[in-house]
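Dear colleague,

Please read the two side by side.

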Amino acid sequence: MPVSEILQAVLAGAGGDELAGLPMPESYRAAFVVRGEAGMFEGVDSADKDPRKSLHVDEVALPELAPDEAYVAVMASSINFNTVWTSIFEPLPTFGFLDRLGREGRWGARHALDHHVVGSDASGVVLRVGSAVRNWRPGDKVTVHCNYVDDQDPSAHDDSMLAANQRIWGFESNFGGLADIAVVRANQLMPKPAHLSWEEAAVNALCNSTAYRMLVSPNGAAMAQGDRVLVWGASGGIGSYAVQYVLNGGGIPVAVVSSPEKVDLLHDLGVEAVIDRRAAGYRFWRDEHTQDESEWRRLGKDIRSLVGDDPDIVFEHPGRQTMGASVFVCKRAGTVVTCAATSGYMIEYDNRHLWMKLKTIKGSHFANYREAWDANQLICEGKILPPLSAVYPLRDVGEATYQVHRNLHEGKIGVLCLAPEEGLGIDDHDLRAKVGEDRIALFRRHGA
Ligand code: NAP
């Protein structure tokens, strides 16, 4: 049975029984990197490593389904920065993750292959569930979050992000979402927002859940009403959710971006205080080894002039380039919450500013199922908007990843997998009208 017949059934609105009766194909189309090519960029500068060269789109074998898993017909997916890392083989080739998972028994062994199917987001339809799956059935319309944990491991309980074997699906595991079929654990599934198209629904889970944990959850900075929050990269993947959480939660966002177009976008989203870091010309690093405190101070002054005080929370992810400034400008007893280090992970900051003013640096990583579910619910209710700015077909996944690698995009880039065109999959037109077509399409209009 070719995948196209499954697609026809999905598009015709086939019920669960009909979908469950369709045989699964032996192979499916997927985006992947190849183990033998992991050294292809040796000696090339990071910025010049080109995902268009390393990402392939072709047929791969469909793995057997474990009892706690589901096959999902992927209608759309999205580009996350982790696919940039996988495709440029930095900081390490991801095949090491697959080999480690491969040593975890029969089902783990399936993952240790010479190709790595990437992608950590998906929206689609459940095709099959394993014998141990209780809450989901064929025909369910779903989105997929990427927290990949073994729920029989005691350390995975309480907060599953603390699990000893916690992984990110499609980055530290195989069979990810940039494909026509995804293999996921049942505890990754969440309901698809009914008022969104497949591609609008596909872009949220990873970045939305990450921003939710960093800002809203007690596991993160637990933002309070009135908190001033400095958000780096505020029109990017995680930043565009972060500013929405700050606005929704009664906080005061100070958004940092790098172009006048992005400033306009943030104003349209409702953020008043926006800094164009390029126009401001901050030079936090005088040279490769030396930071410039007067530049940190200048940023601090700019923030105070916009919102009257220092930020209670700094939403950090650029890493080496900005961390010194983030620690400096954060308010006395405030929190710098960080989930990444795009510009370099060997961080330097002046510790005197941290301890003397009793600040906290809080590490955060993705989100547990509960946090991802709660964040997804806010999307389902139209309270958080999908920042979809551009859409590519799966065959152009290399170009889409290149756009994110080179910071040429805004918000999120969606990828059509099985969905033949944009705009399909909307079930709740009333809610869509209530939320507002203009608001849902805000990033798309700016990206056009
Ligand atoms: P993104 O869409 O590329 O957005 C990042 C934004 O950061 C860019 O839009 C850019 O905004 C800003 N930026 C980049 N370099 C900067 C620099 N040197 N100084 C200041 N700002 C800079 O990426 P994303 O999806 O938001 O992800 C951001 C980072 O978080 C990535 O490293 C990603 O791997 C990581 N991440 C981690 C988790 C986790 O669970 N740990 C989850 C999601 C993402 P402007 O140019 O407009 O300022």
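A pocket here is an open set of points on a 1 Å grid over the protein atoms alone, where a 1.4 Å probe fits, with protein on both sides within 12 Å along at least five of seven lines; lining residues have an atom within 4 Å of a point. Grid points are joined across faces, edges and corners, and a volume is the space filled by probe spheres set on the points. This is a predicted model, in which local features need pLDDT of at least 70 and side-chain atom pairs count only at pLDDT 80 or more, while totals for chains, interfaces and linings use all residues. Residues are numbered from 1 along each chain as its sequence is written, and side-chain values use heavy atoms, with hydrogens and water left out.

The second largest pocket holds about 620 Å³ of space. It is lined by 26 residues, of which Asp-68, Asp-150, Asp-151, Gln-152 and Arg-185 are the closest to its centre.

The domain assignment (bounds from an automatic or database source) gives domain 1 as 3–207 + 367–445 and domain 2 as 221–363. Their centres, taken over C-alpha atoms, are separated by 29 Å. To the contact (heavy atoms within 4.5 Å), domain 1 contributes 20 residues and domain 2 contributes 17 residues.

An open antiparallel sheet is formed by three strands in the order E2-E1-E4; strands are DSSP runs of E, at least two residues, numbered from the N terminus, and two of them pair if DSSP finds at least two bridges between them. Strands E2 (56–61) and E4 (115–117) are at the edges with a single partner strand each, so one side of each is left without a neighbour in the sheet. Strand E1 (residues 27–34) is joined to E4 by three bridges, and Phe-32 has Val-117 in E4 as its bridge partner.

Best regards

Terms used: Helices (H or I, at least four residues) and strands (E, at least two) are DSSP runs, numbered from the N terminus.
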